[in-house]
Amino acid sequence: MKKVLGVTLGILTAIGGFVDIGDLVTNALVGARFGMHMAWVVLVGVIGICLYAEMSGRVVAISGRPVFDLIRERLGPRTGLVALVASFLVTLLTLVAEVGGVALAFELASGVNYLLWMPLAALAVWLVIWRVKFSRLEQVFGLMGLLLIVFGVALFKLGPDWGQLLHQATRPHPIGHESWSTYAYYGIALFGAAMTPYEVFFFSSGGVEEKWTRRDLFTARTNVFVGFPLGGLLSLAIMGCAAVLFLPAGIQVGTLGQVTLPVAVALGKIGLAIVLIGVFAATFGAALETALSCGYTIAQYRGWQWGKFVRPREASRFHVVIIVCLLLAVLTLLTGVDPVKVTEYSVVFAAMALPLTYLPILIVANDPDYVGEHTNGRVLNAFGLVYLALLTIASAAAIPLMIITKAGQ
């Protein structure tokens, strides 16, 4: 029973952790501008994150070491440094967006300007990382994040034309005055949001925190193949709500308040209260994951003691990195930069870093020195290479499309 409960909690954790500020904003923005014509990108992204998260979980369960630790050892310090810099900068930018998302959630609930909430949000993130056990923080914020299921309920209450939504989902093309270049730009943003690099680093490091062994392969794979797809369904529900409410009216999404508006329209004050708690839990949980991931990547590359499975004083440099990153996030946001804009840019820059994140994982997952007989099979490698090609195309096209479309305007 305890094992079953552990699997269940892992699934719920994956669902809550999949939908962060990047997914919330990007899916609503895309739904308002393109309807469900870009739903296929979510499907492609979910398959991709499942593919590489499974490799990461398998590597941890068999070797007992996180992926980034092995990347440096397997590829050497110079190649490892390139992967470190790309992944760390994108994760830091994502942390800025997540802390901003937490402050915006407080603003929506209280009416107090988000800039006043910013330092408190970062302080709360640090206190939770410092004081709360790893398993407890994953379970609490993952379970609270499940309240975002309210988007699915709201979609039913809005009474959409399901045939029309299905028609849109099976017609992958731009609509109205939207161009193919804008369509491609937001497709890459959506892809980047689904496959954000920090997710696999946090997943693999979390496996070490939870002391996975080869007996936990079932748990790791259950988390991946059930949790992440259910998180993808939440993303589609958010997109669908925006497609039903905003697209016919020609309204574009530019604030977190607009993201939650369909739920308020469909379910009233109770729905609004539930979705605000869900948004807070999702963004706060993602802020915890990105802050920890900043510490994980630096500490694992440098060979420092890291993790919450040891006392903070035994991993002091790991915790210093986290504190510095949180301070940088607060200082960046206090300049008055729009957290939603930071989020939009973070998912595009995440797309640029994807090949540098996922190629090393594919290499390590094929090395019998680390995973023994559990190396990738031919089919898995074929899918891995196809996705690596997609990641490379998305990475190469991200900046040119950003310039051509003026960041999707």
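**Entry 1: His-37**

I began with His-37, which is buried, because its relative accessible area is 6% and the cut-off for buried is under 20%. I note here that the model I am reading is predicted.

I then looked up where His-37 sits along the chain. I found His-37 in the loop between α2 (21-34) and α3 (39-63).

Next I asked which residues His-37 is in contact with, leaving aside its neighbours within four places in sequence. My list reads Gln-168, Arg-171, Pro-172, His-173, Ile-175 and Tyr-183. For Gln-168 I recorded one further detail: the side chain of His-37 reaches the backbone oxygen of Gln-168 at 3.3 Å.

**Entry 2: the whole chain**

I turned to the protein chain as a whole. I counted 17 helices and zero strands in its secondary structure.

I wished to know how the radius of gyration of the chain stands against that of a compact globule. For 409 residues, a compact globule would have a radius of gyration near 22 Å, and the chain has 20 Å, so the two agree. Along the principal axes, the C-alpha atoms fill a box of roughly 55 × 50 × 45 Å.

I also looked up burial for the chain: 57% of the 409 residues count as buried. The chain exposes about 16,500 Å², and I noted that carbon and sulfur atoms supply 68% of this area.

For contacts between residues at least 6 apart in sequence, I recorded that 84% join residues at least 24 apart. Lastly, I looked up the charges: the mean position of the 26 positive charges and that of the 21 negative charges are 5 Å apart.

**Entry 3: Arg-58**

I found Arg-58 in helix α3.

**Entry 4: Val-224**

I located Val-224 in helix α12, which covers residues 217-245. Val-224 counts as buried, because its relative accessibility is 0%.

I then looked up the residues that Val-224 touches, again without those up to four places away in sequence: Cys-50, Ala-53, Glu-54, Phe-203 and Pro-229. I also noted the pair Val-224 and Gly-57, which are 167 residues apart along the chain while their C-alpha atoms are separated by 8.6 Å.

**Entry 5: Lys-211**

I placed Lys-211 in the loop between α11 (197-209) and α12.

**Entry 6: Ala-407**

I ended with Ala-407, in the segment after α17 (378-404).

Terms used. Residues numbered from 1 in each chain as written. Predicted model: local features only at pLDDT ≥ 70, side-chain atom pairs only at ≥ 80, totals over all residues. Heavy atoms only, no water. Helix = DSSP H or I, 4+ residues; strand = E, 2+ residues; numbered from the N terminus. Rg over C-alpha atoms; globule rule 2.2 N^0.38 Å. Buried < 20%, exposed > 50% of the residue type's maximum accessible area, 1.4 Å probe, protein only. Contact = heavy atoms within 4.5 Å. Areas by Shrake-Rupley, 256 points an atom, 1.4 Å probe, with all protein chains shown as cover. Lys, Arg positive; Asp, Glu negative; His and termini not counted. Charge placed at Lys NZ, Arg CZ, Asp CG, Glu CD. Polar contact = N/O pair within 3.5 Å; in protein donor to acceptor, adjacent residues only side chain to side chain.
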